[in-house]
Amino acid sequence: MKECLRSGVSFGLTSAVITTLGLMVGLHSGTGSKLVVLEGIITIAIADAFSDALGIHISKEAEPGATQRQVWGATFSTLMTKAFFALTFVIPVLLLPLETAIVASIAWGLLILTVLSYAIAKSNNVSPWNTIAEHVAIALVVIALTHWIGDRLEKITNNNSTEQTSLPK
């Protein structure tokens, strides 16, 4: 059972950080709207937490010999961890200007990943620095890509808005 809880918490934390930061950065660069970013975080905390929990549930059910207790332990720990940690990203958005909130959220997310990566490395008796570097690098790639995509979408949206309003009626 302990292993199922560990996998649910590890998966939930990682997904909360990567998915929420990716969404936040993409929405921020695409819209610049605090309200849209907040709505995105809350949506991720609900819909994606349930989606991830169901994914873990089905994955655990597919493991030969997994008990119902193990399946539900992993499911519940994934759901609660993902929802809770995704919602922590609401705090900086509510308290800070959006630009500052995005930077603070990235720092918070990278701290979560660093602590989780360190704990995983220590439990596996491997060097924490390689594990931390690998996980943080992946997060930074997601952040950079979603920022770039948000910028591109914002440009496309603005170009289409301009074209549509300038066409003769």
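Trainee: How many helices and strands are there in the protein chain?
Mentor: There are six helices and zero strands. Keep in mind that this is a predicted model.

Trainee: And how do the elements run from the N terminus on?
Mentor: The order is α-α-α-α-α-α.

Trainee: What box do the C-alpha atoms fill?
Mentor: Roughly 65 × 35 × 25 Å, taken along the principal axes.

Trainee: What share of the residues is buried?
Mentor: Buried residues make up 38% of the 169 residues in the protein chain.

Trainee: What about contacts between residues at least 6 apart in sequence? How many of them join residues at least 24 apart?
Mentor: That share is 72%.

Trainee: Let's go to helix packing. What describes two packed helices?
Mentor: The angle between their axes and the distance between the axes.

Trainee: OK, take helix 1 and helix 2. Where do they sit, and how do their axes cross?
Mentor: Helix 1 covers residues 2-31, and helix 2 covers residues 34-61. Their axes come within 9 Å and cross at roughly 150°.

Trainee: Are they roughly parallel or roughly antiparallel?
Mentor: Roughly antiparallel. An angle over 145 degrees counts as that, so the crossing at roughly 150° qualifies.

Trainee: Is the crossing left-handed or right-handed?
Mentor: The crossing of helix 1 and helix 2 is right-handed.

Trainee: Which residues make the contact?
Mentor: From helix 1, they include Cys4, Phe11, Leu23, Met24 and His28. From helix 2, they include Val36, Gly40, Ile44, Asp48 and Lys60.

Trainee: How do the residues of that contact divide into nonpolar, polar and charged?
Mentor: Ten are nonpolar, seven are polar and three are charged.

Trainee: Now helix 1 and helix 3. How do those axes cross?
Mentor: Helix 3 spans residues 68-87. Its axis and that of helix 1 come within 7 Å and cross at roughly 30°. That makes helix 1 roughly parallel to helix 3.

Trainee: Left-handed or right-handed there?
Mentor: Helix 1 passes helix 3 in a right-handed crossing.

Trainee: Which residues make this contact?
Mentor: On helix 1, Leu5, Gly8, Val9, Gly12 and Ala16 are among them. On helix 3, Gln70, Gly73, Ala74, Lys82 and Phe85 are among them.

Trainee: And how do they divide?
Mentor: The contact of helix 1 with helix 3 has nine nonpolar residues, eleven polar and one charged.

Trainee: You named Phe85. How many aromatic pairs does the count come to?
Mentor: One. The rings of Phe84 and Phe85 have their centres 5.1 Å apart and their planes at 90°, so the pair is edge-to-face.

Trainee: How exposed is Phe84? And Phe85?
Mentor: Phe84 has a relative accessible area of 51% and is exposed. Phe85 has 22%, so this residue is partly exposed.

Trainee: New topic: His57. Which helix holds that residue?
Mentor: His57 lies in helix 2.

Trainee: Buried or exposed?
Mentor: His57 is buried, with a relative accessible area of 9%.

Trainee: What does His57 touch?
Mentor: Leaving out residues up to four places away in sequence, His57 touches Val71, Trp72 and Thr75.

Trainee: Last one: where is Arg152?
Mentor: In helix 6, which spans residues 128-166. Arg152 counts as partly exposed, at 29% relative accessibility.

Trainee: How far apart are Arg152 and Phe89?
Mentor: In sequence, Arg152 and Phe89 are 63 residues apart. In space, they are 24 Å apart, C-alpha to C-alpha.

Conventions
Residues are numbered from 1 along each chain as its sequence is written. This is a predicted model: local features need pLDDT of at least 70, side-chain atom pairs count only at pLDDT 80 or more; totals for chains, interfaces and linings use all residues. Side-chain values use heavy atoms; hydrogens and water are left out. Rings of Phe, Tyr and Trp (its six-membered ring) pair if their centres lie within 6.5 Å; planes under 30 degrees apart count as stacked, over 60 as edge-to-face and the rest as tilted. Buried means under 20% relative accessible area, exposed over 50%, partly exposed in between (1.4 Å probe, protein chains only). Axes are lines fitted to C-alpha atoms, for helices over the stretch in contact, and angles run from 0 to 180 degrees between N-to-C directions. Helices (H or I, at least four residues) and strands (E, at least two) are DSSP runs, numbered from the N terminus. Angles under 35 degrees count as roughly parallel, over 145 as roughly antiparallel, 65 to 115 as roughly perpendicular and the rest as oblique. A crossing is left-handed if the near helix is turned anticlockwise from the far one by less than a right angle, and right-handed if clockwise. Contact means heavy atoms within 4.5 Å. Ala, Val, Leu, Ile, Met, Phe, Trp, Tyr, Cys and Pro count as nonpolar, Asp, Glu, Lys and Arg as charged, and the others, Gly among them, as polar.
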